[in-house]
Each structure stands twice: as structure tokens, then as C-alpha cells.
Amino acid sequence: MNKIANKQAICDVLLQESEHDQDIVVLCSDSRGSGSMTPFAEQRPKQFVETGIAEQNLVTISAGLAKCGKKSFAVSPACFLSTRSMEQAKVDVAYNHANVKLIGISGGVSYGALGLTHHSTNDIAAMASIVNMRVYLPSDRLQTECLIRALLKDGEPAYIRVGRNAVEDVYDEGKVPFTLNKATLLRDGTDVTIIACGEMVSAAKQAGELLEQKGVSARVFDMYCLKPIDRKAVLKAARETRGIVTIEEHTAFGGLGSMVSQIVCAEHPVRVTSLTLPDEPVITGKSQQVFDYYGLNAEGIVRAAMELI
Amino acid sequence: MVNLQEKTWQIRQDVVTLIHKAGSGHIGGDMSVTDILVTLYYKHMNCSPENQNDPNRDRFILSKGHCVEALYCILADKGYFPKSDLDSYSGYLSKYIGHPSDKVNGVEIGSGSLGHGLSYSIGMALAGKMDGAPYRVYTVMGDGELAEGSVWEGAMAAAHYKLDNLTAVIDRNRLQISGSTETVMAQDSQEERWRAFGWHVLSVDGNSTKALDFALREAKQIKGRPTMIIANTTKGCGVSFMENQASWHHKSVDDEHYELAMRELEQRRAAAHEQDCK
């Protein structure tokens, strides 16, 4: 497998597409290196804008460019982009229907030991709470590529969170099932459903296999589309399986677990167990160490699933 | 040729009438900013209902979005929508809300959250540079707004990118909702501040269409730098009992004050008309 970070997949797509589309513009806030956008900055200098460490300016300039026909990609650490410039995302991008794709890089706890200032564990909640803002957390480089290609076709705002590190492929090259705003079914099952997003999808996939070994039939969804969430997939799972486990690199407030629970409670109540980060600064460690400490891994999902059935 | 000074008094009459009818509005700032907007819309900007979808039209952003009444009255006067549409201003289900909305014909972007307009204009000016487009971008900010940190992020970026297709105007009326700008958050001297950031700076009488016209003409000639016009204005300009009173920041007029204000503005309008006929 070809292990590259999802953010690098974004740069690759934008480089390819900008070869014939001069309206694609990438903006960074001193984040071209951390955002894997250096190749774009070097190869497309006329379509690249540096704003310096000024996220508010980054987002509003992106919106101004968009209102004059550009397809803006504002690339900045998810922790700052999602909340420091939330006001600009709300007013200048979303309220004004500006064609800005906010790319939150090094999302969740990817920055590891750099600590809470650099973690974005409430970005789904923050961005999803904005009227007219879509929220996506792709799972691997292949799905990221499909997502960015799909989003290049529309003119509306979206927030896309990707991690810092290269992750294992979830999908097979050349055969990525992808329909925009539809959850991707990774495995069908009848006993329990696992719904994951972002980097947690690969743990969910693994948990599906582990459960099978225990004789439990698990349905596994990659819910990369947090908003608009695939309600149909959630409700079908609620009707057809005995319970749902959600897992996300985010706190419990306003993330995937909250959204799934809201849908299920309103229309077809079943038990939902949400595996999330805690409501406190996380322990110091690399991403995987943090995930393992809080049970955000395949074993944690299996435990939760077994309790539900 | 429009008599600009006469137009400013006519627009102020429209504004006072609108706010009197609606029962609310940022009347003090509307009165101070009117000359700036009139000089832009009737003399300098290449934008009209006829070319509103032309990619080469000039762009305008009212960063001090609360002075929307002055903007709406001008857009109506220019024919972007019928004047009678404003009868619903601030009313139930109306699209004419208390800050510029992009649902309104002629409004480029919805604004109202302070400190955003400059950065928005920078994005538009950068797009113009990328495309080699001839349009210019204008934004009007309030002086109270300058306490927003994002303004200074924009101040840096506009000079960094040498945006000589961008002109910003500060409506320097020296009052904000809580009182004098110097008491709330001292900001003298704006001229030195913007110059230090690399802007071409002009300081003019902001209630004189002649002075504003002159400054806007100069801005078009400046190369390699954005221009900042500090428009020194009087809040409530044109209505004696409103002038320099922070209490008129956001307020409506009762019937008695409405008559008084309209009479004063009519006198000024007539005088400007007279002068033009001479």
C-alpha cells in the first residue's frame, strides 16, 4: 500500500486539477509545509496566497476571492481554522455562500505531544453548528481524493478535516465506493452497527473482522459526511440491527455520536454507545497512544459492541 | 451630471424617512457616511443595475454594515430595486434587514460583523490582480470598527500584496455607541498608523463630496500601494440636534423630530441646488 497523509492527497488532486483550472486558489496561514501544500505553492505561485499567521484574514480573503469567481481552498491547522476564525467561516463563507473549502489539517489529536492548544476535538461541533456549512472527515487518501474531486464540482462552502499522519488505506486503489453525502458501507451485518468517521474508520473496519471471529455480524459504515449526515443509513441500521456503536476523534459534544443519537432517538430508538475523546485535555502521546488510552480502537469497539447485543 | 452635494441631502431625507417609518436604524452613522457613499455611487464606481453581473464592475463592501439604511436608500435611488420595497424595511419577513444582505439586489456581500470588510475586499482585489481585471474594490469602515484585530491583519496583507486596486475609506466620525472613540479605545493618529503599514493615506473632509471626489481620483493614480482615505466626518451630519451626539448612534425619530430633521435637510438640499444653478 501507498502510505501518504490525506492532506497530501488533497495537494495532489489540486495540483492535477489546477493544471487546466486557473480558478483554483490555495491559501495558507504560514501552513504550507504542515499542510503538505509546498508543491502547490512552488508549482502554482500565481494561484497561491500566503496570509501569514492570520486565520481570520485567511478565511475572509478566501471568501473575497470566491465571490470573484475563484475556488478557494483555505488550508490551516484544524484547531485554529475551526474556532479562531469561526466567525469568518460563519459570516463571510457560509452566510454569503462563498465557494470556500476550509481544509483543517492535523485535525483531532494529530499534533500529539504539542498539547491542547493544537488539538481540534470540537471542530465537528463548531463547524456543523454553522448554517450552510458542510462537514467532512475522510478516512484515507483514496476517499480524500474522491471527496475533493466531488467538492470541486460545487460552489458551496465545506469544512474538511484531515489528520497529520499517513494512515493505512481503508479502500482498494481504483475501486473506492463513493457517493457524495452517502455513508460508505464497508461491511454488511445484522447484529450490530458500527459508524465511524475520519481516522477511526480503519479501527471500525478491523473491529468488524474481530467481531466476525466471535460470531457477531457487524455492519460497518464510513460516515465521512458528518453534515449532511446520511440519515437513511443511520435509520436503516437502527431498524435492522440491535444497537449502534459510534467512534470519532472528537469529544462527545456535537460530534458523530451526538448526531447519530439525535436521529435514532427521534425516529427509531435503539441503544447507541459513543466512543469519543474525554471532556478534558488528553494525555500526552502520539495519536495511536492517545486512541489506545481512551479505548478508541478496534478492541474498544468490540467491547462496546458485545455489550450492546 | 448629478449634483453630488444636493444628492447627499436628498439621500439623508430618504434615510430619515425610512428610519422614522421603521422605528429603528443607525441614524447617526448613516448621516456621517452619506457623502462617502454618494461620491462613490454617483461619481466614482463603475456599478449600476445595468452592469451588476459584469465581472468587470467595481465592487463595494460596506464594512460598517450597520449603516445599511444609507446604502439601501442609494441602491433604491439608483434603481437596483423599487423605492417602495423599502416600505418593508426591518419588518416581518422582509429581506431588507438591518445589515446589508446579499439577498438584496446591488449588495455584493452580506456584512455587519465588524472588522471583516477590509479582508473581504482584499480577496476581491487579489482576484482582480490574478485575472488582470480592470475593476476596483472599495470598502467603507467605521472608526469604532478599527479596534477589531482582523482589520490589522488586512492592513498588513493589502500592503504586502501591493493592492493598488483597493481603496478603503474610514468614516472617522469620532463617536461610537458608548461615546467618543478616544475614550472607548484611543486611536489617534490613524494617518500615521496606516502609513506605517505601507498604505497611501489621505485625510479629508468626509462630509464634502468635493474633497472626497478629489481623494478618490488621487487613489486611482497611486501605483503599488492600497489607498486609505480618512474621511473626517460629523456623526449625525445635517441634522443639528443629532450632530456629534453618541446617543443618536441607533435611534429612531418621533414625529416632531422627524419634521424638524426633514425641514433642516430640505433647506440644505435647496441651498445645494441653488448653488449648482448659479
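This report describes the chains, contacts, core and backbone features of a predicted model.

## Basis of the model

Residues are numbered from 1 along each chain as its sequence is written, while chains are lettered from A and ligands numbered from 1 in the order in which they are written. Because the model is predicted, local features need pLDDT of at least 70 and side-chain atom pairs count only at pLDDT 80 or more, whereas totals for chains, interfaces and linings use all residues.

## Overall form of chain B

Chain B contains nine helices and seven strands; helices (H or I, at least four residues) and strands (E, at least two) are DSSP runs, numbered from the N terminus. The C-alpha trace of chain B spans about 50 × 45 × 45 Å along its principal axes. For 278 residues, a compact globule would have a radius of gyration near 19 Å, and the 18 Å of chain B agrees with this. The radius is taken over C-alpha atoms, and the globule rule is 2.2 Å times the number of residues to the power 0.38.

Of the 278 residues in chain B, 52% are buried. A residue is buried if 20 or more other C-beta atoms lie within 10 Å of its own, exposed if 12 or fewer, and partly exposed in between, with C-beta atoms placed from the backbone. Among contacts in chain B between residues at least 6 apart in sequence, 77% join residues at least 24 apart; two residues are in contact if their C-beta atoms, placed from the backbone, lie within 7 Å.

## The two domains of chain A

Chain A is divided into domain 1 (6-161) and domain 2 (184-308), with bounds that come from an automatic or database domain assignment. The centres of the two domains, taken over C-alpha atoms, are separated by 26 Å. Their contact takes 22 residues from domain 1 and 26 residues from domain 2 of chain A.

On the domain 1 side, the elements that give two or more residues are helix H6 (123-128), strand E5 (134-136) and helix H7 (141-151) of chain A. The residues on this side divide into 11 nonpolar, nine polar and two charged. Here Ala, Val, Leu, Ile, Met, Phe, Trp, Tyr, Cys and Pro count as nonpolar, Asp, Glu, Lys and Arg as charged, and the others, Gly among them, as polar.

## The contact between chains A and B

The contact between the chains takes 21 residues from chain B and 22 residues from chain A. On the chain B side, helix H4 (117-131) and helix H5 (149-160) are the elements that give two or more residues. The largest share of that side, 10 residues, comes from H4(B). By class, the chain B side has nine nonpolar, nine polar and three charged residues.

Helix H5(B) has 12 residues, which at 1.5 Å a residue should span 16 Å; its end C-alpha atoms are 17 Å apart, which agrees. The expected span is 1.5 Å times one less than the number of residues. Buried residues in H5(B) are B:Ser150, B:Val151, B:Glu153, B:Gly154, B:Ala155, B:Ala157, B:Ala158 and B:Ala159. Their cover includes helix H3 (55-67) of chain A together with H4, strand E3 (166-172) and helix H7 (190-196) of chain B. Just after H5(B), B:Lys162 takes a positive phi of about 50°.

## The nonpolar core

The largest nonpolar core has 179 residues, and those with the most contacts inside it are A:Met223, A:Leu226 and A:Ile301. Such a core is a set of buried Ala, Val, Leu, Ile, Met, Phe, Trp, Tyr and Cys residues joined through C-beta atoms within 7 Å. Its largest share, nine residues, comes from helix H2 (residues 27-44) of chain B. Domain 1 (6-161) and domain 2 (184-308) of chain A both give residues to this core, so the core lies between them.

Not counting residues up to four places away in sequence, A:Met223 touches A:Ala183, A:Ile195, A:Ala196, A:Cys197, A:Ile229, A:Asp230 and A:Leu256.

## Backbone features in loops

Most residues other than glycine have a negative phi, and most peptide bonds are trans. A cis peptide bond, with omega about 5°, joins A:Lys227 and A:Pro228; A:Pro228 is found in the loop between strand E10 (225-227) and helix H9 (231-240) of chain A. The peptide bond from B:Asp188 to B:Ser189 is also cis, with omega near 0°, and B:Ser189 is found in the loop between helix H6 (181-184) and H7 of chain B.

A:Asn181 has a positive phi of about 70° although it is not a glycine. A:Asn181 is in the loop between strand E6 (158-161) and strand E7 (184-187) of chain A, and counts as partly exposed because it has 13 C-beta neighbours inside 10 Å. In chain B, phi of B:Asn244 is near 60°, a positive value in a residue other than glycine. B:Asn244 is in the loop between strand E7 (227-232) and helix H9 (255-277) of chain B, and with 15 C-beta neighbours inside 10 Å counts as partly exposed.
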